[in-house]
Every structure is written in structure tokens, then in C-alpha cells.
Amino acid sequence: MRYMLLIYTKEDEMARNSDQQRQEIMQGHFKVMEETRAKGILEAAEPLSRTNTATTIRLQNGKPLIIDGPFAETREQLAGYYILDCKDLDEAIGYASRIPTSCGGTCGCIEIRTLPGLPSAVPTNEAEAVTSRNG
Amino acid sequence: MDEVSNTIEAIFRRESGRIIATLIRIAGSFDVAEEAMQEAFTAALTTWPEKGLPQNPAAWITAVAHRRLIDHSRRERTRREKQEPLIYETPTAHQPEAEVQLDADEMEYPDDRLRLIFTCCHPAINPDAQIALTLRTLGGLTTPEIARAFLLPEPTLAQRLVRAKRKIAEARIPYEVPPREKISERLQAVQSVIYLIFNEGYAATTGDGLIRRELCAEAIRLARTLCQLLPGEPENLGLLALMLLHDSRRDARTDEQGRLIVLDEQDRSLWDKERIREGQKLVSRALGMRRPGPYQLQAAIAAVHSHAETAVETDWGEIAALYRELLRISSSPVVALNYAVAVAMSEGLEAGLELVEQAGESGELRDYHLFHAARADLLRRLGRKTDAASAYGQALRLATNGVEKEFLRRRLEELGRE
């Protein structure tokens, strides 16, 4: 199962981090990335730019309304993500527990969501289905 | 016919937890397993009156349900070939066609119930749903029964179960016993679910008395299973002992009118000697393992009470010592309050009252009716009537349980008459 690990932090506190704290956070990420890459389960992992660079598009009366900023002002902001192909939720929780949340553990959290994938098109070969039922 | 359906019901009660645990492992899905088990019990209703009871009814049910699972997976496989699977299924669910053997091992896999209990009590499932799911699957209680026990509308509870099962399937919560390094942490969640089930049944609320009794019995049964499966965990023994010792006082806790009778006023001849004996034995066995924990200590406290033939014979010094130990390993204002009461009974009312006030200083107990009730009781014993009356009043305002309210009202009236 593919899991998306969404990293939420307080951007303002993150900005106040010292260089050393920043280093430690990156090291924490690198460790998780190296390990998951070696296991072949890392699909993607990236930080997001700050929410003050966000643009939100919402359709209004059929026309896109363009708004400066994130879709909602929240106490903690989405700051990055991982996509990992894990055996089960426990494995995903294991990695999520090791991902630094960029606020020195004082705030922030990781939300785990599954990526069920897009439903694929219905195969047209009925004969194959019948064969395998008989076989 | 009636006799057979009674037998079937009894078998369902006793064995369905074990059967469903095995079926879920094979099917990789709660819903598919439940459906197969349901079908097997329905088949029993028509087959058994004709052909007589099978020698091992649980094995019969499992075998029939297993066959249904194989049929189901054949149908599913055909369907899957037309459509990618969107639901989570364990690898076993994909291969039952490879001639699944219905041997004894398959049916008596010892870890199945353990897997089931850890999955039902997985921290990623909402705590209320953990309780409902545990009772539904391992306890074999029906949805209406659980709804009645928790005073919830049936659709609310049904919805809760559906959501929990969907979360298990879609987030792929594993169906396995956690690895060694995680087991004690996860075991705490399991123990707490069992204890919550017990407390729900034990709380002296008005309502369906029978179903509440059933909840306590179920919690005790689940704890027994846990002890049987993980006998080396002293907290499992402690939990079972604690519940047995509390449950032993059930018949003495209320009078004919359903009014609450406090511990020191209970008729101790009504205490269940059998449960007490078993509880006491479990406490010593658990403490002998030298890894004390909150359930063991609370059970030890209940055991001290159970040893006293009359209230005045209670060894309050021992109880205070046990609470002090409990406070050390799991400090909470409620434990501090109980410690204070034990000190009041062993060292003196003044000393106890002082500790009660200290326990209340953090403010966390401000809305806890038992804090005010305990304070009121000590003030009453000290002869400070006015203060006692005002504390009883506060407790009364905060209490929500009808039986407890009635008790506090009675105390308040007695105070006025003295």
C-alpha cells in the first residue's frame, strides 16, 4: 500500500530555527530517505515552499477565482511530504515517527493517508476472465 | 428445534470470537469473514436438527464458513480479473484456490484471537470504535446489544463499526501480533479497552441491568483469554484480578431499590467468595513476577479490602502503602485523592484532609464529583457539618449518575438531621 506522509509544522517557528537545528532536521530526513530508498520503498519526498508563496484557485460562477495564499489559514502548515510503499500502516507509522517535524519536536505532526490509486479501466477481454474461472 | 437453536446460540457466544479470528486471517477481511460465519451458523440451524449435533460444533462451523470463503474468493477472483482490486486483502486471500487444507492447525491457530484483539485495539482506530469492534468480534455481542449497553442509538453504533472496519481495510491496519519491542505499549491499549468495557458494565447507572452484567462478564472473559495467550505479562493477570475482585462485590453494592451502598456499609456475606479467591490468587501470582504495574497494584488494593471480614478490620495502612506505590509509577490527581483517603483512614482524618486539599490544588479535580464527595465525607467525620454540607452540594451538582446522585442526596439529608 502506498502511503503519503504529510508533514505539518509552524512555519514561523521553523524560520527561527538556528543553523544547527536546520542541519539536524535535514540529517533526520536524510536518514529516513536513505533507509527507505535502500529498501526500495521511497517513491518521493520533498519539502514545500512556504505558504506565503501559495496561490489558491477556486471556481466561482464557473470562473476561476485566484487568491493569494493557502486555502485556509491554519495553526500548522503543510511543509513537505513523503510517498512510501509500505507493507501496512504500522510500517508507515514507524517511518512517520522518525521524520523530523522541523519545530524541534515542540509542535507539528505527520498525517498518514493511503493512496489507493486510480481505478483502472475495465478490461475488455471477457474470454480471459471466463478461462481463469474454469481453470 | 428450540433446543438446537439454544445450543447454537450458546456455541455462538462461546466460540464465535475464536472462529471469526481464524476466518479473518484466512479471508483478510472482517466483512467477508463475518458474512461467512453468519452463513455457517444459518446452515447449522437447518442441518443440525436433521443430522444431529456434530462432535465438534465449532470445527463444523469453521469448516463450513471456510468453504464459503473459498467460494467467495473464486467469485472475487473472477470479478477482480475484470477490475483492479480497490480493497485491501492479505496475500492468503488471493490463494485459497491452492487447495486449502481444512486441518486442525488451520482451525486452532493459537495466535488468531491475539491478532484480532491487537487489530481491534489498534491506536489508529478511534477509542470508542475499538470497544465496539472488540465486543462485536471477540465478544460475539450483537450490534443492538452493544448499542443498548452504551445507551446509543443502534444506527450510531452500526456506523461506528462500519467506519472502523473500513479504516482497517483501507489504511491497511495489520492483522498481526505486534513485534516484541512494541508489545507492551500496544498491550496497554488492549488492557484499557477491556477495562473500559468492564467499567461501563460496573458503573451503577440505571438502565438495562442484564446487559451491564453481560458487559462485565465479557470483559472478564476477554481478560482470561489475554492471560491464557500471554501468561507471562503480569499486568494481564493484574487486570483480570482487579475485575474479579470488583465484580465479587456486585450483589452487595446496591439495595433492593437499586440504591448505592458504599464499601464500608456493604453486607460482606454477599461478596462472591469464588471470585475473591481467584482474584487473590492472581494478585499474588502477578506480584510474584516482580514487575508491578497499575492494574496489579489496584488489584492488590482490592485484595486487601477483600481480606477484611468487616469494614473496621480493613488494613488501611497497607492500602495507603499500595496507593503510594501506585502514585510513584502512575501519578494522577485521582490516585492522589485515593491515597489521601487511605491516609485519612490509617493515620487520621486531619492528615487525610490535608492531602485531599493538596490533591485538589492543581484544579484538575475541580469538576470531579468524587473529589467533593471524598472531601465532604472527611469533613462530616470531623464534625465540620457546614463545610461538609457545602462539599456534598458541590458533589451533587457535578454527579451525573442517578444512583450516585441519590446517594449524595441521602447523605446531605442525614447531615441536616444530625
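Visitor: Which residue lies over the face of B:Tyr202?

Guide: Quick caveat to start: this is a predicted model, where local features need pLDDT of at least 70, side-chain atom pairs count only at pLDDT 80 or more, and totals for chains, interfaces and linings use all residues. Residues are numbered from 1 along each chain as its sequence is written, chains are lettered from A and ligands numbered from 1 in the order in which they are written, and side-chain values use heavy atoms, leaving out hydrogens and water. A charge sits over a ring if NZ of Lys or CZ of Arg is within 6 Å of the ring centre and within 35 degrees of the ring normal. At 3.7 Å from the ring centre of B:Tyr202, the residue is B:Arg253.

Visitor: And over which ring does the charged end of B:Arg249 sit?

Guide: Here the charged end is 5.7 Å from the ring centre. The ring belongs to B:Trp271.

Visitor: How many aromatic pairs are there over all chains?

Guide: Rings of Phe, Tyr and Trp (its six-membered ring) pair if their centres lie within 6.5 Å; planes under 30 degrees apart count as stacked, over 60 as edge-to-face and the rest as tilted. Searching the whole structure turns up a total of six.

Visitor: What is the angle between the planes of B:Phe12 and B:Phe41, and why does the pair tie together parts apart in sequence?

Guide: B:Phe12 lies in helix α1 (residues 2-27) of chain B and B:Phe41 in helix α2 (residues 30-51), so their pair links parts 29 residues apart in sequence. Helices here are DSSP runs (H or I, at least four residues), as are strands (E, at least two), numbered from the N terminus. B:Phe12 and B:Phe41 are buried, where buried means under 20% relative accessible area, exposed over 50% and partly exposed in between (1.4 Å probe, protein chains only). The rings are edge-to-face at 5.0 Å centre to centre, with a plane angle of 70°.

Visitor: How many residues apart in sequence are the parts tied together by B:Phe30 and B:Tyr175?

Guide: This pair is edge-to-face too, 6.4 Å centre to centre with 80° between the planes, and both residues are buried. B:Phe30 lies in helix α2 of chain B and B:Tyr175 in the loop between α8 (154-170) and α9 (180-202), so the separation tied together is 145 residues.

Visitor: At what distance does the side chain of A:Gln77 reach the backbone oxygen of A:Arg75?

Guide: A:Gln77 belongs to strand β5 (residues 77-85) of chain A and is buried, with a relative accessible area of 14%. A polar atom of its side chain also lies 2.9 Å from the backbone oxygen of A:Thr74. For A:Arg75, the distance is 3.5 Å.

Conventions
A polar contact is a pair of N or O atoms within 3.5 Å; within protein, one must be able to donate a hydrogen and the other to accept it, and residues adjacent in sequence count only if both atoms are side-chain atoms.
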